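Look at the model shown here.

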Amino acid sequence: MKTRIYLLSQFVLLFAGVLCGQKLNTAKLDSLFLVLEENNQAMGSVAISKDGKLVYQKAIGFSTTSETERIPATIQTKYRIGSITKMYTAIMIFQLIEEKKITLETTVDTFFPGLPMAAEMTISHLLNHRSGLHNFTNDAAYMNYCEMPKTEEEMVAIITKGGSDFDPDSKGEYSNSNYVVLGYIIEKATGMSYASNLESRITSKLKLEETYVGSKIAQDNFEAYSYLNTGQWSDYTETDMSIPGGAGAIVSTPTDMVKVIEGLFEGKLISEKSLLQMKTIKEGYGMGMFQIPFYQRSGYGHNGSIDAFTASLSYFPEDKLAVAYCTNGQVYPMNEILVGVLSVAFDRDFAIPSFKTITLTSEQLDPYLGVYSSPSFPLKLTVTKEGTALFAQATGQMAIPLEATAIDKFKFDPAGILISFDRDKNELTL
């Protein structure tokens, strides 16, 4: 049967509110993370600061978990923060600009003449994801070598072989290649390793002790492994950190992360002029950060993902509020967790998620079966069943299993999908 899909308003990543001196509802935050932990929906750690002071820290799950060993996560547990590294790289690049070692207009051929279109490509283009350099992590071959150490020469060769996807400054397109190259430029401009620059330019200035360039995961140094949940937590690939470099090689804690973004916005790392350039958004991209809209306000920050680690770091200047979240295993979407954290921080209504499900009989699923479409939705949604399991498949995509939370209500947590059926009208709301 053909029926209609009714679409509700789009999801909003973050939202407005004011933390106007009211006491943070830590009990509600505790309840959120307890529910996530008890239902194996996430493992990780969060830190919230207001006016430069930590107001909340919490860790759930395990830094290491296997059949023989389980080590609970603590607020000292360190995580790979992935592409949030790019913000740190951008900070160091602007420090070099202020020291007059390079400029935004310095062309890349100054350091790497063999890169494609290097004479037309500038530091600014790399920072803004406008260089055209092909993103090497998009290639199928990446998974064949991601666990193997690579030298600068080898990585530059891989990036060079990838070529250009477009002329420099003709458009913006996210590419890890940009920040791997920027990491090498920091080394060439200073004669020091990226790790040494990170220590002298950021961590020592802010007196951070739990932020550094990662190597092989060290369990005895409170570093977490990452996991996928396939009914239970299972080990994931461990990328060799020589590969992501300035694009994603930093290890840290949420507590250190909020100190970095606070230090950035308080002028402890770069000038106000440089910060303004980092914050300026062109076709969706700043220089090492993104804008985070939430109603009438705007925050700034970056997300990160490497192996099964994901992370988020954001700062809201008007409220002087910083939030950092790191996870080494998740089922419930990180965005939904952040919505909960910020709802509490901004004193907005928020319902703790329920992970209770029900089982319907095969006959009870029959009224939901069919092909759903809508003029405002570009894809058709086909709903099928296998025994007592319901599935939804959008045009050209894989079928996803739906869990029933009540009669007529279903969900798919990994993508934050909620579906409500109206059997009388043969409609669903997505």
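## Strand E13 and its neighbours

In the hairpin of E13 and E14, 4 residues lie between the strands, and Lys 320 has a positive phi near 50°. Strands here are DSSP runs (E, at least two residues), helices are runs of H or I with at least four, and both are numbered from the N terminus. The model is predicted: local features need pLDDT of at least 70, side-chain atom pairs need 80 or more, and totals for chains, interfaces and linings use all residues. Residues are numbered from 1 along each chain as its sequence is written, and side-chain values use heavy atoms, without hydrogens and water.

E13 pairs with E14 in the antiparallel sense over 7 bridges; strands pair if DSSP finds at least two bridges between them. Ser 314 stands opposite Val 323 in E14. E12 and E13 are also antiparallel, over 7 bridges. There, Gly 304 has Ala 311 of E13 as its bridge partner.

## Buried or exposed?

Buried means under 20% relative accessible area, exposed over 50%, and partly exposed in between (1.4 Å probe, protein chains only). In E13, 8 of the 8 residues are buried, so the strand is largely enclosed by the rest of the structure. One face holds Phe 309, Ala 311, Leu 313 and Tyr 315; the other holds Thr 310, Ser 312, Ser 314 and Phe 316.

## Helix H10

In H10, 10 of the 12 residues are buried, so this helix is largely enclosed too. Among them are Met 334, Ile 337 and Leu 338. Asp 347 follows H10, with a positive phi near 60°.
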